[in-house]
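Thanks for passing this one along.

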Amino acid sequence: VDVATLVFVLSSISPSRMIFVLENIRNVLKIGGLLLFRDYGLYDHAMLRFGHGQKIEENFYVRQDGTRAYYFTLEKLRELAEAAGYAVRSCEYVHRETVNKKEGLRVPRVFVQAKFAKMQV
């Protein structure tokens, strides 16, 4: 596999299992293959809206429907990728604004976006 994408998936995985997910993807990539990543960033508006009792652990929350969400820092994402054997090609925050015209709301969003390459062992 030359390229794999991981878009808003890793945030739903328990932090203790994230490295396992990244290693499994790495195992199917060719040497030099890329993992393209996008997920929630720390202090995203959705994170700030969680109420008392919804925090599972640091930066990891449960939504009302039972799904979970982890909010990444760039440092944590780099640390995970490097521990799983990737070279970090890029890793940055992406800031967007979601607009709900009907409700008259403008909501700041924060995402992390990265490109990782499988290194030769």
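The points below go from the overall picture to single residues.

1. **Ground rules.** This is a predicted model, in which local features need pLDDT of at least 70 and side-chain atom pairs count only at pLDDT 80 or more, while totals for chains, interfaces and linings use all residues. Residues are numbered from 1 along each chain as its sequence is written, and side-chain values use heavy atoms, with hydrogens and water left out.

2. **Overall make-up.** The protein has three helices and seven strands, taken as DSSP runs (helices H or I, at least four residues; strands E, at least two) and numbered from the N terminus. Read from the N terminus, the order is β-α-β-α-β-β-β-α-β-β. Along the principal axes, the C-alpha atoms fill a box of roughly 50 × 30 × 20 Å.

3. **Burial and surface.** Of the 121 residues, 40% are buried, where buried means under 20% relative accessible area, exposed over 50%, and partly exposed in between (1.4 Å probe, protein chains only). The protein exposes about 7,300 Å², and carbon and sulfur atoms supply 50% of that area, by the Shrake-Rupley method with a 1.4 Å probe.

4. **Charges.** There are 18 positive and 13 negative charges, and their mean positions are 5 Å apart. Lys and Arg count as positive and Asp and Glu as negative, with His and the chain ends not counted; the place of a charge is NZ of Lys, CZ of Arg, CG of Asp or CD of Glu.

5. **The four-stranded sheet.** This open sheet has the order β1-β2-β7-β6 with mixed pairing; two strands pair if DSSP finds at least two bridges between them. Strands β1 (3-7) and β6 (86-100) stand at the edges with a single partner strand each, so one side of each is left without a neighbour in the sheet. The twist averages 15° from one strand to the next, with axes fitted to C-alpha atoms (for helices over the stretch in contact) and angles running from 0 to 180 degrees between N-to-C directions.

6. **Inside that sheet.** Strands β2 (residues 34-40) and β7 (residues 105-118) run antiparallel and are joined by seven bridges; L34 has A117 of β7 as its bridge partner. Helix α3 (residues 74-83) packs on the sheet and touches β2, β6 and β7, its direction making about 145° with that of β6. Contact here means heavy atoms within 4.5 Å.

7. **The β6-β7 hairpin.** Four residues lie between the strands of the hairpin, and G104 in the turn has a positive phi of about 70°.

8. **The three-stranded sheet.** A further open sheet has the order β3-β4-β5 with antiparallel pairing. Its edge strands, β3 (55-57) and β5 (68-70), each pair on one side only, and the twist averages 30° from one strand to the next. Two bridges link β3 to β4 (residues 60-62), with Y61 as the partner of K55.

9. **A residue to look at.** Leaving aside neighbours within four places in sequence, L42 is in contact with M47, N59, Y71, F72, T73, Y93 and V110.

10. Among contacts in the protein with a separation of 6 or more, 66% join residues 24 or more positions apart.
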